[in-house]
Amino acid sequence: MSQLLPRPKPNSSIRTTEGAAPSPATPAAQLPSYVGIARPPIFQRNRLERLRPHYSDPTLNKFARQVFSDDSAVSAYFFPRLASDVQNYAVIAPQAKTAAWVPLEVALAAAGAAQSAALVQPHERELVHLAAFVYPCGLFHCARVAVIEGYKRMPLDGDWVRILRGLFLEDALRTLRTWHASKADTLSAVLGLDGEGDVNEEQVARLASVVHLAHLKTNAIWAPPQATDSSAKECP
């Protein structure tokens, strides 16, 4: 696991569109120059810092910065998903086989949809926006590794993706807990991770449902293709 996922290195309102719809596919030939594996992580990190959600709560901004101090997290959010690699792409992207999705754009759209959901109370909007933004980090990372390493089958069940998500976020959650323990426990529970304190179960169930629903299309797009031959390489 340590080879797959390197460990992370230890004032304004949300800047996003209310009620954003899931990000549409982009023709692969028109993908922006900052996506893919050719750009260095520092370039992508600077762009992500400009584009990522910024919050009035400074502890949430610090959490996001710590999560994306990890090169693997940054690269995962900039590695495009081609429609030709997606099961049932004709249903999800009927316009063309050459369509693609940029993870960062998809995560931002889902976060915008989550924070504007009717079930979310005003004081919860920043927390649920952040939760939806980082929720797919494990999924994006494993899909990127699969393409680069040539895996044909990937164990992307809920437990596996949750483990990867936990590895990416555990240090940032631990730091957040030193600033605001109840907020860290709530965020951890909403993301399906283990917390250390008591949480409002009704609130967690409500916000977790909002985050999950916001990422239904994300999960469909990043679902791994079925292996086509018996020599398919397994994701470790």
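A disulfide is taken here as a pair of cysteine sulfur atoms within 2.5 Å. By this criterion, a search of the whole structure returns zero disulfides.

A word on the model itself is in order. The structure is predicted, with local features requiring pLDDT of at least 70 and side-chain atom pairs counted only at pLDDT 80 or more, while totals for chains, interfaces and linings use all residues. Residues are numbered from 1 along each chain as its sequence is written, and side-chain values use heavy atoms, with hydrogens and water left out.

The chain contains eleven helices and three strands, where helices (H or I, at least four residues) and strands (E, at least two) are DSSP runs numbered from the N terminus. Their order from the N terminus is β-α-α-α-β-α-β-α-α-α-α-α-α-α. Of the 236 residues in the chain, 50% are buried. The accessible surface amounts to about 11,200 Å², with 55% of it belonging to carbon and sulfur atoms; these areas come from the Shrake-Rupley method with a 1.4 Å probe, and for residues only the protein chains shown count as cover.

Turning to the aromatic side chains, five aromatic pairs are found. Rings of Phe, Tyr and Trp (its six-membered ring) pair if their centres lie within 6.5 Å, with planes under 30 degrees apart counted as stacked, over 60 as edge-to-face and the rest as tilted. Phe 68 and Tyr 77 are edge-to-face, because their ring centres are 5.1 Å apart and their planes stand at 90°. Tyr 77 also forms a tilted pair with Phe 133, at 5.5 Å centre to centre and 50° between the planes. This second pair links distant parts of the chain, 56 residues apart: Tyr 77 is in the loop between α3 (71-76) and β2 (81-82), and Phe 133 is in helix α6 (residues 125-134). Phe 68 is buried at 3% relative accessibility, Tyr 77 at 0% and Phe 133 at 0%. Together with Phe 140 and Trp 222, these residues form one aromatic cluster.

Charged groups meet rings as well. The charged end of Lys 62 sits over the ring of Trp 179, 5.0 Å from its centre, and Arg 165 lies over the face of Tyr 135, 4.2 Å from the ring centre. The criterion asks for NZ of Lys or CZ of Arg within 6 Å of the ring centre and within 35 degrees of the ring normal.

Definitions and conventions. Buried means under 20% relative accessible area, exposed over 50%, partly exposed in between (1.4 Å probe, protein chains only).
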